[in-house]
Structure formats: C-alpha cells, structure tokens
Amino acid sequence: MSAKYRVLITDRAWPDCEVEKRELARVDAEVIEAPPGADEATLVECASGVDAIATCWAQVTQAVIDSAPDCKTIARLGIGLDNIDVAHATSLKIPVTNVPDYCIPEVADHAIGLMLASLRNIAFLNQQTKQGIYDLSAAPLPRRVGTLTLGLFGFGLTGQAVAERARAFGMQVIATNSSGNDYGTGTRMVAFEELLEESDVISIHAPLTDATEHQFDAAAFQKMKSNAIIVNTARGALIDFDALKTAVKNEDISGAALDVFDPEPPDLSDPFFQHDRIIATPHAAFISKESLDELRQQAACQVADVLVGKQPSNVVNPAVYE
Ligand SMILES: NC(=O)c1ccc[n+]([C@@H]2O[C@H](COP(=O)([O-])OP(=O)(O)OC[C@H]3O[C@@H](n4cnc5c(N)ncnc54)[C@H](O)[C@@H]3O)[C@@H](O)[C@H]2O)c1
Ligand SMILES: O=C(O)[C@H](O)CO
C-alpha cells in the first residue's frame, strides 16, 4: 500500500536518508530522493505531486516549487536559506523551515581553525613538511595571536560563538551586524568601514542576501590592513571572488581561509588555490556526528509536523500563518 504523503529530498551531504525515512514513516510519509546532482529540470520532474520538499544545497527555485502544487512545506536541511525562493513560497502560503542552531560550535571551531592555520602558517608549513622541506624561513613571520583584533561581519549565533573562542586566545573582538546589538556580550559594535580598517582578521558570519552579496569587494579589500586575513565560513558570494584574487595577488591583504565558494564546487584548477596564502576546505564547517544527528532529526520532525497539521518549529516566513 502506498504511503499517504510523499516527501522529496533534493540532495544530502550524508550517506543515506535512514533517519529522515524513519521519522517521516511515523506520519505515513515516504521519502523520494532526487538523483545526485539533479538540475532544475530534474527537480521539477521529481517535485511533481509531492507533499513536501526538503533540501540541503540544491536550488529550490520558483519552477521547482510551482511543479509541486500540493507542497505543504519546504524544509532547509541547514541554516542558510539562499538556495530557496522563500519569497515565492511565502506568496503561496507555504511555510519554510530551517534548523538555526544545529552546528554553531562546529562552524565556530572551524572558523577559528582556519584562522589559526593561516595566522600560524600551519597549512603552509604542513604542506612544505610533507614535501620534505623542513624549514620555516619561507613562511611570513607570524604575529602573536593574542595581540590581534578579530572583526566579525555578522554577530548572530555563530559570530557570538566565534567571539567567545577568540577572547580565550586574548584577541580583541569587534563586530558589525544589522541591528548593532551586542547581545549583552560587551563586544564593541562598529560600522563596516571601521571593521575593515581595524581588523587583523575578518571572519564572515552573515547570511547571503541581496544586501550582503559581494559585501567584500575591491573597495572593501583596499580598506583592509595589508597584513590582514579574511576567513569565510558563511557563503561564498559574500566575497567578490575576482576582487579577492586581485587583492591577494597585489598583497592588498595577506591571505584568505575559505570554506565556502561561489559557485560550489569551485574550479579547483584555478591557480588561486595553489597560492601559499590561501587555505580552502570543501564547505565542511557544519559537519560532525552530533550536528548531523540534530539537523536530520529536527528537519524531518518539522516536515512531519506540517503534514499532520501542526505548526513546525523555526518557520522563517511566519506571515504564512497570519
Ligand atoms: N560553512 C558552513 O558549513 C555553514 C554552516 C552554518 C551556517 N553557514 C552560513 O552562515 C550564515 C550565518 O549563520 P549564523 O548561524 O551566524 O546566522 P544568524 O542568523 O544567527 O546570524 C546572522 C548575522 O548576520 C547579520 N546580518 C544579516 N544581514 C546583515 C547585513 N546586511 N550587514 C551586517 N550584518 C548582517 C545579522 O544581524 C546576524 O547578526 C548562515 O546564513 C549560513 O549561510 C555556513
Ligand atoms: O547552511 C548551513 O547549515 C550549512 O552551510 C550547511 O548546509
């Protein structure tokens, strides 16, 4: 006998959908998986007739949403919402959910890891050592971490967790966010210009929106200190990649440590990735056993709740319930 509901999972960053299947079976929903790497046309086909869509990184466009006229909810298997046309879902009264807190320690640890790997030349010296070069003279002379200022662009859950860790290293922390609220942390909130001019390290922790796209462009890199580095674990498109390449090449800034790119995957044959002062990881900041357990369980529950007529947790477009 077929299940009462069908839930499309567009893509995933983990090996199987067993957790999701188990959770959704409790409300008589079956999981349908799109083929790996499905393009928009394939997703449009897969979404036809489904009751819900859950997505990791695939683009849930207007066309995909329109191809599922019975769709009752769209769940982001993650925090960022830039791959979902939330405005269109809202116009159709479809609640969209995300899981805003499943990987905060992981991303904060990753950002600090990238920062230290760059400031302490760890990535570069590890590469040299593996090539049989046991010599530290080729690396730039590092500064003591505890003397440096960390500037956070975005001071939400992750930015605040990074600030807490950075203070344990003795760093001064300044931050910019939309509200200017320091959330009682005593962090000095500054304008974007000041963040650029005063920071030795800038770490990005804001969503990708129309307002933040290419926030870090050629003009921004010109204002940064020439010995500063930039760390990005948020979304690739907050940085104008061409401007970053020029800034690193011209030594307008000292380096970049990146977990996210635009597009993903990036073109790894680009010589930029071989540059000594560039560190890259493949959108890995969120990953741990614990974070994935929380994410998958919570996202599947949100879908199940909607299917049985309950309001799920973390609806990002609550206007649909008004
Ligand atoms: N690399 C990864 O694995 C990974 C994992 C989780 C999240 N992320 C990304 O990181 C982003 C941030 O996550 P979070 O948990 O800190 O989100 P959050 O919502 O808790 O905080 C976002 C912060 O950005 C600020 N902000 C928004 N627009 C701004 C603007 N125009 N100017 C200045 N500040 C602005 C907000 O005021 C807030 O302080 C997510 O949206 C997601 O895209 C990446
Ligand atoms: O947004 C998120 O949660 C991360 O980027 C992983 O998808």
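This is a predicted model: local features need pLDDT of at least 70, side-chain atom pairs count only at pLDDT 80 or more; totals for chains, interfaces and linings use all residues.
Residues are numbered from 1 along each chain as its sequence is written, chains are lettered from A and ligands numbered from 1 in the order in which they are written, and side-chain values use heavy atoms, leaving out hydrogens and water.

**View 1. The shell around ligand 2.**

**View 2. Polar contacts of ligand 2.** For the ligand, a polar contact is a pair of N or O atoms within 3.5 Å. An N or O atom in the side chain of Tyr 102 is 2.5 Å from a ligand 2 oxygen. A polar side-chain atom of Arg 76 lies 2.7 Å from an oxygen of ligand 2. Ile 79 uses a polar backbone atom, 2.7 Å from a ligand 2 oxygen. On its own, ligand 2 has 230 Å² of accessible area (Shrake-Rupley method, 1.4 Å probe), and the protein covers 92% of that.

**View 3. The shell around ligand 1.** Of 25 residues around ligand 1, Phe 155, Gly 156, Leu 157, Thr 158 and Thr 233 come nearest. The shell has 13 nonpolar, 10 polar and 2 charged residues. Helices are DSSP runs of H or I, at least four residues, and strands are runs of E, at least two, numbered from the N terminus.

**View 4. Polar contacts of ligand 1.** Ser 178 places a polar side-chain atom 3.0 Å from a ligand 1 oxygen. A side-chain N or O atom of Arg 235 is 3.3 Å from an oxygen of ligand 1. A side-chain N or O atom of Asp 259 is 3.0 Å from a ligand 1 nitrogen. Alone, ligand 1 exposes 870 Å², of which the protein buries 83%.

**View 5. Leu 77 in its loop.** Leu 77 lies between strand 4 (73–76) and helix 4 (86–91). Leu 77 is buried, at 3% relative accessible area (buried means under 20%, with a 1.4 Å probe and protein chains only). Thr 10 is 67 residues away along the chain, yet the two C-alpha atoms are separated by 10 Å.

Key: A residue is near a molecule or strand if one of its heavy atoms lies within 4 Å of it. A polar contact is a pair of N or O atoms within 3.5 Å; within protein, one must be able to donate a hydrogen and the other to accept it, and residues adjacent in sequence count only if both atoms are side-chain atoms. Ala, Val, Leu, Ile, Met, Phe, Trp, Tyr, Cys and Pro count as nonpolar, Asp, Glu, Lys and Arg as charged, and the others, Gly among them, as polar. Buried means under 20% relative accessible area, exposed over 50%, partly exposed in between (1.4 Å probe, protein chains only).
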